[in-house]
Amino acid sequence: MKLIGPFKQIVTLAKLPLRGKLSDDQLEIINDGGLLIKDGKIETADSFQNLKEQFPNIEIENIEGEQICLPAFTDSHTHICFGGNRANDFAMRNAGKTYLEIAENGGGIWSSVQHTRLASEEELLKTTLERINFLVSLGITTVEIKSGYGLDVENELKMLRVIKKAQAFTKATLITTCLSAHLKPRDFEGSSEAYLQYVLDEILPKVKEENLAKRVDIFIEKSAFLPEESKAFLLKAKEFGFEITVHADQFTSGSSRIAVEVGAKSADHLEATIDEDIEFLAKSETVATALPGASLGLGEKFTPARKILDAGGILAIASDWNPGSAPMGNLITQASILATFEKLSTAEVLAGITFRSAFALGLEDRGTLEKGKKADFVTFETDNFQNVLYQQGSLRAETVYIDGEKQSS
Ligand code: NIG
Ligand code: FE
């Protein structure tokens, strides 16, 4: 056992409900607090002085200066395994070019597919790890990563193997998702329905065989896969034993309903979700994930996070870090900006990037600082936890702990 502290404040996020709105007076804040760690887990969070008196001979890891402590963050939606970049898409989009014009000029998802197909496993591993390390430096210790820029057996498996390999080089927890149903690749001869069948017949059995992912995602949208074919695909993937998550309602509404109907763990995006569907989603077990980084990258409206919370939904916030729609990768900046535009309390934002986003990944062992939880936490050099969101990501994490161990920065 060891005692870490004293922290000016520990915000435990303990005893908060999984769903619905939160006010900041629900936050448990321990002033001059200490964390007792046992076998990589939180034993207790309490006053540092009390803990010291209670355990006079305990090993102490002393915290210098004024620091606050939060549970480490979970980014439950990223596409950080990719080749190339799409800076030109970004510039063209900002200069007023349409989706079609950008695609015709060699941009769009298909351009990332071409670059990712050309990249070697070594190159992809290197850049993916660089991005993981950046996320860890922000205090994110659980990261979901999707395939979806390979779009054939060889390249989807290449991506998934790279993500699996990356786990050997980081202490962060990586959760892999198979997004072979991102788009029908241009070189696939046949309908989008036939492509989904190809994913079911040729890709998913191999994903299972090599234990590369336990989750399946799909992009339901006019430019990708249509609702009915998507629903049939998801039901088959589920039957096959995969957990489901959906890129839903990004530009047009309707697909969050499908996510709920198939029992998806999460429906992500939701920028275009209509009020009736917000109610439907908010009453379900499916987590609603806002991706403010995509709104900022595309200049689209934000996910109606306020309405989702008021309707009692489980709201997570994730970065969607990808080379096209969300190139920033800074979840703290994005979550803070979402709060400003959607009028979210600090408690709602912190819950959305900790235990609620972990729940979206099926992880209920982390995201709060209470007995038995994984001892992943992050410190910031400040005397007030509100400064983390107030400074919109420019206050960088001081130290990141995984399983109670300090990570070198
Ligand atoms: O989540 N919406 C679909 N997929 C990604 C974008 C991927 C890309 O543009 O490369 C997203 O925003
Ligand atoms: Fe995405």
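These are my notebook entries on what I looked up in this structure.

**Ground rules.** I am working with a predicted model, in which local features need pLDDT of at least 70 and side-chain atom pairs count only at pLDDT 80 or more, while totals for chains, interfaces and linings use all residues. Residues are numbered from 1 along each chain as its sequence is written, chains are lettered from A and ligands numbered from 1 in the order in which they are written, and side-chain values use heavy atoms, with hydrogens and water left out.

**Entry 1: the iron site.** Which residues are the protein donors of the iron ion (ligand 2)? I found His 77, His 79 and His 247, each through NE2, together with Asp 320 through OD, at 2.0 to 2.2 Å from the iron ion; donors here are N, O and S atoms within 2.8 Å of the metal (3.2 Å for Na, K and Ca), and since water is not among the atoms, sites may look incomplete. Along the chain these donors follow the spacing H-x1-H-x167-H-x72-D.

Entry 2: Is Asp 320 buried or exposed? Asp 320 counts as buried because its relative accessibility is 1%, where buried means under 20% relative accessible area, exposed over 50%, and partly exposed in between (1.4 Å probe, protein chains only). His 247 is buried as well. Asp 320 also has a positive phi of about 60° although it is not a glycine.

**Entry 3: other backbone points.** Most residues other than glycine have a negative phi, and most peptide bonds are trans. I therefore wrote down Lys 15, whose phi is near 60°, a positive value in a residue other than glycine, under this general rule. Lys 15 lies in the loop between S1 and S2 and counts as exposed, with a relative accessible area of 67%. A cis peptide bond joins Gly 5 and Pro 6, with omega about 0°, and Pro 6 is placed in strand S1.

**Entry 4: Thr 12.** I looked up Thr 12 in the loop between strand S1 (2–11) and strand S2 (29–38), and found it buried, with a relative accessible area of 0%. The side chain of Thr 12 makes a polar contact with the side chain of Glu 28 at 2.5 Å; a polar contact is a pair of N or O atoms within 3.5 Å, where within protein one must be able to donate a hydrogen and the other to accept it, and residues adjacent in sequence count only if both atoms are side-chain atoms. Leaving aside neighbours within four places in sequence, Thr 12 is in contact (heavy atoms within 4.5 Å) with residues including Ile 30, Pro 71 and Leu 369.

**Entry 5: the largest pocket.** How much space lies in the largest pocket? The value is about 480 Å³. On a 1 Å grid over the protein atoms alone, a pocket is an open set of points with protein on both sides within 12 Å along at least five of seven lines, a cavity is a set where a 1.4 Å probe fits but cannot get out, and lining residues have an atom within 4 Å of a point. The lining has 25 residues, of which Arg 86, Tyr 99, Phe 251, Leu 298 and Ser 325 lie nearest the centre of the pocket. Helix H3 gives the most to this lining, with three residues.

Entry 6: In the loop between H6 and S8 I found Ala 172, which is buried, with a relative accessible area of 0%. Not counting residues up to four places away in sequence, Ala 172 touches Val 136, Thr 141, Gln 167 and Ile 402.

**Entry 7: the largest cavity.** The largest cavity has about 40 Å³ of space, and its lining includes Ser 137, Ile 332, Phe 380 and Arg 396.

Note on methods
Helices (H or I, at least four residues) and strands (E, at least two) are DSSP runs, numbered from the N terminus. Grid points are joined across faces, edges and corners, and a volume is the space filled by probe spheres set on the points.
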